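Some labels given to parts of a protein rest on cut-offs.

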Amino acid sequence: MCRETGRARLSYRRAEEIFEENTRLLANPLASPDDIDDLDGWTLHRLRHSALTHDAEDGTSTPILLARSRHASVRSLERYARPGVDSVARHVAERDPAARRRT
């Protein structure tokens, strides 16, 4: 029970089950709703990876990413925050001195 609300707390395991069950069709957009019991949905762990990757792509600093993810080392964070090719190209282009002179 939660002291503040008096309601039962949702365990991580149960939250994971609910999330996975309710994202099966989203994770498999070409699947038929009839096949929902045979599909895998997204996991909370995957959601964590995505959130950190999006933050990294948006330019969030490494110290903030480490604090948010509660990782002690950059090496462990590397498995989570993986900016895509387009994001890296955009980052480089935005910091190109020649491009800044043209604008």
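What follows is a set of questions and answers on a predicted model.

Q: Why is Thr53 called buried?
A: Buried means under 20% relative accessible area. Thr53 has a relative accessible area of 13%, so Thr53 is buried.

Q: Where is Thr53 found, and which other residues of that element are buried?
A: Thr53 is found in helix 3. Leu44, Leu52 and Ala56 are also buried there.

Q: What covers the buried residues of helix 3?
A: The cover includes helix 1 (12–22), helix 4 (62–69) and helix 5 (74–78).

Q: What is Thr53 in contact with, leaving aside its neighbours within four places in sequence?
A: Thr53 is in contact with Tyr80, Ala81, Arg82 and Pro83. Contact here means heavy atoms within 4.5 Å.

Q: How do you know that the span of helix 3 is close to the one expected?
A: Helix 3 (residues 44–57) has 14 residues. At 1.5 Å a residue, 20 Å is expected, and helix 3 reaches 20 Å from its first C-alpha to its last.

Q: What makes up the largest nonpolar core?
A: Seven residues do: Leu52, Ala56, Leu65, Leu66, Leu77, Tyr80 and Ala81. Helix 3 and helix 4 are the elements that give two or more residues to this core. In soluble globular proteins, nonpolar side chains tend to be buried together.

Q: Which residues does Leu65 touch, not counting those up to four places away in sequence?
A: Leu65 touches Leu52, Asp55, Ala56, Thr60, Leu77 and Ala81.

How values were computed: Residues numbered from 1 in each chain as written. Predicted model: local features only at pLDDT ≥ 70, side-chain atom pairs only at ≥ 80, totals over all residues. Heavy atoms only, no water. Helix = DSSP H or I, 4+ residues; strand = E, 2+ residues; numbered from the N terminus. Expected span 1.5 Å × (residues − 1). Buried < 20%, exposed > 50% of the residue type's maximum accessible area, 1.4 Å probe, protein only. Core = buried A, V, L, I, M, F, W, Y, C linked by side-chain atoms within 4.5 Å.
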